[in-house]
Amino acid sequence: MIRKTDKALRMFRVGDYHGAFSIFSTFRVGFTREETRTLQIASESLGGHAEFYQSLGVDTNAEVSKAKEIIRTKYQEQ
C-alpha cells in the first residue's frame with residue numbers, strides 16, 4: 001500500500017505542487033501550525049484562489065516558495 005507521504009513526495013518531485021501541498025496540509029503531525037497554514041495557502045493559491053489571498057494582502061508567490069522550502073527541509077529533497 002502506498003502511504004500518503006510517498007504519494008505526496010512523488011507529486012512534489014514531478015512538479016505537481018498543488019496536489020502535493022493539498023496532501024501535506026492535511027497532516028496532523030510533523031508540521032507547525034504556521035507551516036500547515038503556509039501549505040494550505042500555497043495549495044489553494046495554486047488551485048485557482050490566488051486572487052482571494054492577494055486581496056487579503058498575502059504574497060502568494062512567497063507562500064508557494066516557503067511551502068516548497070518546508071517540504072525540501074522536512075524531507076531532505078534536493
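## Helix 2 against helix 4

In this predicted model, helix 2 and helix 4 are roughly perpendicular to each other. Their axes lie 11 Å apart and pack at an angle of about 65°. The crossing in which helix 2 passes helix 4 is left-handed. On the side of helix 2 the contact is made by Y17, F21 and F24, and on the side of helix 4 by V64, A67, K68, I71 and Y75. By class, these residues divide into 7 nonpolar, no polar and 1 charged.

F24, which lies in helix 2, is buried, with a relative accessible area of 0%. I71, which lies in helix 4, is buried as well, with a relative accessible area of 0%.

## Surroundings of F24 and I71

Which residues does F24 contact when its neighbours within four places in sequence are left aside? The partners of F24 are A8, L9, F31, L39, I71 and Y75. Among them, A8 and L9 are buried residues of helix 1, and L39 takes part in the contact of helix 3 with helix 4. As a further spatial reference, F24 and Q76 are separated by 52 residues in sequence and by 15 Å in space, C-alpha to C-alpha.

Computed along the sequence, I71 and T60 are 11 residues apart, and their C-alpha atoms are 17 Å apart in space.

## Helix 1 and its buried face

Helix 1 spans residues 4–13, and its buried residues are T5, A8, L9, M11 and F12. Viewed down the axis of helix 1, these buried residues fall within an arc of 160°, so they line one face of the helix. An α-helix has 3.6 residues a turn, so residues three or four places apart point the same way. The cover over the buried residues of helix 1 includes helix 2 (17–24) and helix 4 (60–75). Just after helix 1, G15 adopts a positive phi of about 95°.

How do the axes of helix 1 and helix 4 cross? They come within 12 Å and cross at roughly 125°. That angle makes helix 1 oblique to helix 4. Helix 1 passes helix 4 in a left-handed crossing. The contact of helix 1 with helix 4 comprises 4 nonpolar, 1 polar and 2 charged residues.

## Helix 3 against helix 4

Helix 3 and helix 4 pack at an angle of about 145°, with their axes 8 Å apart. Here too the crossing is left-handed.

## Threonines of helix 3

T38 has its place in helix 3 (residues 33–55). Is T38 buried or exposed? T38 counts as buried because its relative accessibility is 8%, and the cut-off for that class is under 20%. Apart from residues up to four places away in sequence, T38 touches E63, K66, A67 and I70.

At 15% relative accessibility, T36 counts as buried. Its contacts, leaving aside neighbours within four places in sequence, are with S25 and F31. F31 is also among the contacts of F24.

K74 is located in helix 4 and counts as partly exposed, at 37% relative accessibility. Not counting residues up to four places away in sequence, K74 touches G30, F31 and E35. K74 and R13 are 61 residues apart in sequence and 14 Å apart in space, C-alpha to C-alpha.

Notes
Residues are numbered from 1 along each chain as its sequence is written. This is a predicted model: local features need pLDDT of at least 70, side-chain atom pairs count only at pLDDT 80 or more; totals for chains, interfaces and linings use all residues. Side-chain values use heavy atoms; hydrogens and water are left out. Buried means under 20% relative accessible area, exposed over 50%, partly exposed in between (1.4 Å probe, protein chains only). Helices (H or I, at least four residues) and strands (E, at least two) are DSSP runs, numbered from the N terminus. The arc is that of the directions from the helix axis to the C-beta atoms. Contact means heavy atoms within 4.5 Å. Axes are lines fitted to C-alpha atoms, for helices over the stretch in contact, and angles run from 0 to 180 degrees between N-to-C directions. Angles under 35 degrees count as roughly parallel, over 145 as roughly antiparallel, 65 to 115 as roughly perpendicular and the rest as oblique. A crossing is left-handed if the near helix is turned anticlockwise from the far one by less than a right angle, and right-handed if clockwise. Ala, Val, Leu, Ile, Met, Phe, Trp, Tyr, Cys and Pro count as nonpolar, Asp, Glu, Lys and Arg as charged, and the others, Gly among them, as polar.
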